[in-house]
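Hi,

Here's the structure I promised to pass on. Have a look, and my notes follow below.

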Amino acid sequence: MIKGKLPSLMSSVVAPVQEFNRMETKKVELILVKEQNGVQFTNSTLLSSSQLPGGEDEPVNRETWAKKIDFLLSVVGFAVDLANVWRFPYLCYRNGGGAFLVPYLFFMFIAGMPLFYMELALGQYNREGAAGVWKICPIFKGVGFTVILIALYVGFYYNVIIAWALYYLYASFTMELPWIHCNNSWNSPNCSDFNNFIQQNTSTKYYEYKSNPAAEYYERGVLHLHESAGIHDIGKPRWQLTCCLFVVIVILYFSLWKGVRTSGKVVWITATMPYIVLTILLLRGVTLPGAIDGIKAYLSVDFLRLRKASRHGVALEDVATGEAGLVFIIYPEAIATLPGSSIWSVIFFIMLLTLGLDSAMGGMESVITGLIDEFKLLRNHREIFTLFIITITFLVSLFCVTNGGIYVFTLLDKFSAETSILFGVLIETIGVSWFYGVDRFSDDIEKMIGKRPGLYWRLCWKIVSPCFLLVSQKMCIFQK
């Protein structure tokens, strides 16, 4: 499903699976396969008693979820990541606020939910990773390896975002946040706080004015972008960001090295913390003066009315900057205006950390599990193989924490997955619906949950969703 464009919703397949034989013992395993900024894949598997460790169909030490709640929390945490914080609000505003929700909900029903259901059921029935699941139609096995490769690519830069959040979290433990004033060592002579900007630059859009304290802290204090002449001059890794990245990698390793038995416990914190923090921030936000007006303006379908909304007297369009700027410039600046800003900043960046770690675990697990399922020899050396994958990810990510690392980051973000993942899921849908067959796939689901999917699901799988993906693929290619 398209993250930031189509929601990730759980369908009825997540409900407890009906037993094929009441005399058998059942365990549920989830294989997470994700591209954080594009299409999301989630595969769960059902283990019968004949397929548990010691059975003829299953190698020894196959990881399974200890509890159903571990599975549920993993899916919930996996479905919501940093893109929900920095991309969806930006896309929603840029495409008309409330008007954007109309096609968003429409595409959710014709593609998002059906594809999510399909992928859950596909993995659950076949009990394989992204590549192994294509034993149903071996000619499409390359699609599985494509998903694994894309998930690895995304990990190269996604962990860097988490490292930035960790850096901001550390910087928040102070009485005065470092992005409030222009009297820091990294500030340029042109730096001016927001109030001076309002008085002196009324004809300039705020998002084009790059010399405010929050923007300079992000670009000069954290990234040191001013010390790079371009992608040809990225320089050496910054030791501060390298340390943050290393901490993130260590957390990921010890969350994944034992498989779902360890990650299933970690998600109790990472999957629930964002919602606790968001609730706190929501309660605080709606009590601020003008909060209701801002919400109405943001979601209004009246485009002329959007220009009337303001924050500190600046039109809404002047503060709705894109993606990273929204999270690491606009959000921190807004937090700095609150009483007790340091506390709110700590809370906010803890939320970003948990959101990022939760999804990063899913992405790395998809790579590790997918390859282990294909190369059985690796199963007995999961800890070493996990260390190998995590180390490779860390070494490549170092290019993104240099002075010019933002250029490398942008290349990976824009070109590693957007078009390729849409093509991958299109081929996947064709493979399941047209080559394996919707009727046979529906029979598989009936064996698991006791009833066949309805006409809505089968029609979407067969015709509607593939057509939507084909149109989306063409649009992406033309936009490039």
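Which residues in α5 meet which in α15? L152, G155, F156, N159 and V160 in α5 are in contact (heavy atoms within 4.5 Å) with I389, I392, T393, V396 and S397 in α15. Those contact residues split into 6 nonpolar, 4 polar and no charged (nonpolar is Ala, Val, Leu, Ile, Met, Phe, Trp, Tyr, Cys and Pro; charged is Asp, Glu, Lys and Arg; the others, Gly among them, are polar).

Before you read on: this is a predicted model, where local features need pLDDT of at least 70, side-chain atom pairs count only at pLDDT 80 or more, and totals for chains, interfaces and linings use all residues. Residues are numbered from 1 along each chain as its sequence is written, and side-chain values use heavy atoms, leaving out hydrogens and water.

Back to the helices (DSSP runs of H or I, at least four residues, numbered from the N terminus). α5 covers residues 141–171 and α15 residues 382–397, and they pack at about 60° with axes 9 Å apart. That angle makes α5 oblique to α15 (under 35 degrees is roughly parallel, over 145 roughly antiparallel, 65 to 115 roughly perpendicular, the rest oblique).

The other spot is T429, in helix α17 (residues 418–449). T429 is buried, at 0% relative accessible area (buried means under 20%, with a 1.4 Å probe and protein chains only). Leaving aside residues up to four places away in sequence, T429 touches L115, M118, W434, W461, P466 and L469. A polar atom of the T429 side chain also sits 2.8 Å from the backbone oxygen of V425.

Cheers

Terms used: Axes fitted to C-alpha atoms, helices over the stretch in contact; angles between N-to-C directions. Helix = DSSP H or I, 4+ residues; strand = E, 2+ residues; numbered from the N terminus. Buried < 20%, exposed > 50% of the residue type's maximum accessible area, 1.4 Å probe, protein only. Polar contact = N/O pair within 3.5 Å; in protein donor to acceptor, adjacent residues only side chain to side chain.
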